[in-house]
Amino acid sequence: MMALAFVLSPLLILALGALLLMLAEALTPKQNRAAGLALGATIVFVAGFAFSVGAWLYGVEDVAERELLAPWLVIDRFTIFFDGLFCLGGALAALLAGGYLREHGLERGEFYGLLIFSTIGGMMVAAAGDALMVFIGLETMSIGAYALTAFRRTSPRSAEGALKYFLLGSFAAAILLYGFALLYGATGHTDLVGIGNAIRAGGQHQTMILVALVLVLVGLVFKVSAVPFHMWAPDAYEGAPTPATTYMAAVVKCGAFAMLLRVLLTCFSDQGLMSWAAGWPPVLAWIAVLTMTVANLIAGQQESVKRMLAYSSIAHAGYLLVGVVATIHSMGTATASVLFYLLTYTVSTAGAFGALILCGRKGAEAVSYEDLAGIGRRHPAAALAFSLFLVSLAGIPPTAGFFGKWFIFRAAIDAGFYALTIIAFFNSVIAAYYYLRVLVFMYMREPAAGAPIATPMRSGYVATALVVSAILVIALGVVPSLPLDVAVEASEKTFAAPGG
Amino acid sequence: MATKTSPSQLPHDTTSGRPAWTTPLFAFLAAVVLLVVATQLLGRGNEKDLASFSQANATVGSLIPLLVAAVVAWLVPQGHGWRTRAPLAFIAGLFALFIANMWPSAAAVATEGAADAQPEEMPTLLSWLIGLPLAGSIAILFMPRQAPRLLKATTLLVMLATLAASIPLLRVDMGRTFHFNQDVVWIERFGIHYHVAIDGISLWLVILTVFITPIAAYVSFGSIHTRIKDWCFALLLLEAGMIGAFVALDLFLFYVFWEVMLIPMYVMIGVWGGTNRIKAALKFFLYTMAGSLLMLAAILYLAYTYSRVTGGTATFDFFELQRLQFPRHLQIWLWFAFAISFFIKVPMWPVHTWLPDAHTEAPTAGSIILAAVLLKMGTYGYLRFCMGLFPEVSAEFAATLGGVAVLGGILYGALCAWRQDDVKRLVAYSSVAHLGYVMLGIFAATRGSIEGAILQMINHGVTTGALFLLVGVIYDRRHTRMLDDFGGLAKVMPVYTALFIISTMASIGVPGLNGFVGEFLIITGTYASDKLGHVNGIQAVGAALGVILAALYMLTAVQKMFFGPITRDENKRLSDINAREMIAVAPLVIAMFVLGLAPNLLVNQMHGAVERILVDYETRGKLPGGGTKFYEGPIRLGIRRPDTPPPVGPSPEPTPGGLSFGNEGSRPAGGGAHDGHGH
């Protein structure tokens, strides 16, 4: 039993921590709440991360008791990897919130509680081995995210974004649930392994399974905000307070990809459904192409840096989908490439949003490109940090983003998707254009006389988050061997049999 | 030969009214020429009687630099204090040290002295060369922005230390193999290694890099006054990237360095450039990025195929990947992906359009580095990687591409240069023409033409570097570069005029200066080539025509700028070249004479490497059959490739997309004759 508690510990630690934080928030006098909660949330996340590492080192294969939780929660290396990743993303978001909320007068304790509980939802999604569990985890994660989006209560944009996100999100969740219901009807199972086995065994409900597949795909792809199901993302990302945006771009997206991989590779890993002729791969490939191209083209048109980052986050979902499509030929490597990309993407994007937060104080936020003009000269440290993360997002060596892209493209070439790879390459060039535009404004333009300019804020929390992300971005770019091995182990030990 | 150019300057010296400046300059150049001759005589003496003289030579060898330094310091005219004398003397001394070291017999003497062994190679030397500037750039980040002098001094010191650290490279007799080989596993899972080594080709490009960068940095400190910290950081990072790209033998590592160069150059153009700098910088970036991503895709595909063929071993090692042979249709795609990224960098017509913009907008130092080193990445990359990895397709397209190089590069570049009003743009277009020669020499693929091409890479670096530097000098004074704004400058700026004319002559290819040797080798090599189909004669004529055009556009510009009456009042009060600029340009001018009079200094070290490349190229290019398979050449490092190509049987079943060479039938059966006439 102890062993089970240990491999489940990241989730338990977060739950316990969130309850304690809520208690603490209720009991401390109002004027003292400010500082402690962000630190507390960070500590909870760091503890969760430490326990994930511990569980990873302890090993999950020999823990017999994990059968007790199956098939509802499947504790394997894949789960543990995502537990660690969520805790990392959550910790960065909590640190950013510590600086941002105080600066903008939004400091209320619910933020951290929502953050942690939503992360627990993400962990449930990553571990879910049953359709119902997938849905419960997804809702736990999403409801937290909806509330976080609407956190700036006085701002109409925040409310607009949250409402859009909520309505479309619920709609997509309903579609997903409908898909699962059809699957249950066709196979008589709700656990993913059972569904997968039933589909592999064949039967007379082929048409129903296909319809269910389409519905499930729509639901899943909505959550990763791929084109054409991306409409909610820019508004929600822009309207939300920036730490919440960071959280959505990093943790929620990782959770959605965990769900996508788990459901597709467990339920629909049938030879026929995974084939290029009649299954989900071509659909997903087209979605990937559309996502990359459309998102990159629109991102280049944006005037607001935050909105540009939102579209860039959609575009990154496109690159990730290329990796997901590649799983049909080399399941282990391609899955590992997605996992590794998610890791590099989390640190880069959290860093980029963090740098954006650091660049603006209340009343002088960095919103448009013009706000950032000349900041490279006025505040070199903030600009340097921002540049580093943008270079990483653009995928230029020797940063983390480069290796992420490299691994994905390598998996795609290994799988024989040359056209897809080349499209992804060209998209990287387009993407480089708008990332560089920020550099252009920061270093090469001076603000027009009298124009509003961004003035950096001072916050130890934000600075810490940036330093941590920067170290990770460079470390992942220079010595990626260890995290690569971890990602490969996480995927190969979980999805061992290729092609079903 | 050196005296040949001086009569044309003598009248201006007498009319200038300040002859004190020019006389020592020529005395200085004469001293260098004398020194070259003297060293040669000494070297000869040693060859005759090695045993008794080697000890004496070692002593003399160490004294020569000091002697030269003292002479130069003494020759500097009266009006200048120690702050001018010391650096000039130092540069001259360092130069003498270089020559003493790279003299062919010097290496031989060192070998003899060390009991018949090659001088000990320090395996980490190349890593030091990359690491010093890299560490310097990181150190710069932690220095206070408010102390520009400290930043500048650190940058220069680091660069000079790198220059000094490169001297041991010259002591090794390169031969056919690679030296200073360092191979460390970097990322085991992908088979990525940190593998650096140097041969007779990359040697000179590395030397050029470490030689030009401090000059560019030094001259820039006179004209760049804003954001010194960022500038120093970019310069050092760029130097590290350039050296790394020239010595990397792991394709992945090469790509990383290739990209590392991109950002600093982009920032250099974009931050310190002219009025249209942002557009030019973005154009530069996007062109290069598009090419390099295609190259990345091809690298990935190569590695993937390798692992598939060998059953799981992943590698990015150049020598291992060289063993792969692809069917023709695949090879064309891969070759194209590599070649286009190199052609963009060279730049070859029609992807050259970023270059004039980038040069026009870049600050002087940026232009110098861009022209002198970065463009060589393209030619070097094509020579090493395209011809090394895809010899069949490279040979197949050589004739066509040779035509592009002549028409689009040499002739079109020259004609464009002729029509320019902006001196800097003119020099930029002349770069397109000069790089056309280099590419033509590489396409022709005879021993002479490739050696000429490599020599021309170095020459172009030195000459065009000097020209950009001198254009920068006049721009700093007048803030214009339009030809019409000048005229009669020879009367007010005699020394400047002399230097500019020497550089122009070198660029045109006047015998005795460096440009001549390279162009001569390339043109004769082209004429003798059997790789260019039936048109090599026409291409050689076209290339020769380019020399005439070069004289036309360069001399027109010189005539407009320096001679005739002084039409503008502003031009009457211009001050002549100052000490900083003099110190910066002096080594380049000396190098022009040295390379022009003694090109064997460089060529001797190249023979082995060029021969190796050609043997690879010929062997693979003639191989029948296709299909992805190995050919069992002993390609591993350290093992010398036998002169005769290893016997390779044709593949059991020729694949449908087999290899066919357009010019194979027209070749004599012997084939290997590099200098024989093609038909």
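Predicted model: local features only at pLDDT ≥ 70, side-chain atom pairs only at ≥ 80, totals over all residues.

Start in chain B, with helices α9(B) and α10(B): the two are roughly antiparallel to each other, because an angle over 145 degrees counts as such. To find the pair, select residues 200–223 of chain B for α9 and residues 228–247 of chain B for α10; their axes come within 9 Å and cross at roughly 170°.

On the α9(B) side, show Ser202(B), Leu205(B), Val206(B), Thr209(B), Val210(B), Thr213(B), Ala217(B), Ser220(B) and Phe221(B). What they meet in α10(B) is Trp231(B), Cys232(B), Leu235(B), Glu239(B), Met242(B), Ile243(B), Phe246(B) and Val247(B). Colour that contact by class and you get 12 nonpolar, 4 polar and 1 charged.

Stay in chain B for two backbone stops. Select Phe180(B), which sits in strand β1 (residues 179–187) of chain B. Then jump to Val346(B) and Pro347(B), which are joined by a cis peptide bond with omega about -5°. Pro347(B) belongs to the loop between α14 (328–345) and α15 (354–361) of chain B.

Chain A has a cis bond to look at too. Pick Pro397(A) and Pro398(A): the peptide bond between them is cis, with omega about 0°. For orientation, Pro398(A) is in the loop between α16 (380–394) and α17 (400–414) of chain A.

Next, the helix pairs of chain A. Select α6 (residues 131–149) and α7 (residues 156–187) of chain A, whose axes come within 9 Å and cross at roughly 175°. That angle makes α6(A) roughly antiparallel to α7(A). Showing the contact takes a longer selection. From α6(A), pick Ala131(A), Val134(A), Phe135(A), Leu138(A), Glu139(A), Ala145(A), Tyr146(A) and Thr149(A). Their partners in α7(A) include Gly161(A), Tyr165(A), Phe166(A), Gly169(A), Leu177(A) and Phe180(A). By class, the contact of α6(A) with α7(A) has 13 nonpolar, 5 polar and 1 charged residues.

For the second pair, bring up α9 (residues 206–223) and α12 (residues 280–301) of chain A. Here the axes are 12 Å apart and the packing angle is about 30°. That makes α9(A) roughly parallel to α12(A), and their crossing is right-handed. Leu213(A), Leu217(A) and Val221(A) of α9(A) make the contact with Trp280(A), Val283(A), Leu284(A) and Ile287(A) of α12(A).

Finish by showing both chains together. The contact takes 35 residues from chain A and 35 residues from chain B. About 3,400 Å² is buried between chain A and chain B, with carbon and sulfur atoms giving 77% of that area. Which residues of chain A lose the most area to chain B? Select Trp406(A), Phe425(A) and Met444(A), which together account for 21% of what that side buries.

Zoom in on Arg227(B) and Glu446(A), whose side chains meet in a salt bridge at 3.7 Å, N to O.

Technical notes: Residues numbered from 1 in each chain as written. Chains lettered and ligands numbered in written order. Heavy atoms only, no water. Axes fitted to C-alpha atoms, helices over the stretch in contact; angles between N-to-C directions. Helix = DSSP H or I, 4+ residues; strand = E, 2+ residues; numbered from the N terminus. Parallel < 35°, antiparallel > 145°, perpendicular 65-115°, else oblique. Left-handed = near helix turned anticlockwise from the far one by under 90°. Contact = heavy atoms within 4.5 Å. Buried area = accessible area lost by both parts, 1.4 Å probe. Salt bridge = Lys/Arg side-chain N within 4 Å of Asp/Glu carboxyl O. Nonpolar A, V, L, I, M, F, W, Y, C, P; charged D, E, K, R; others polar.
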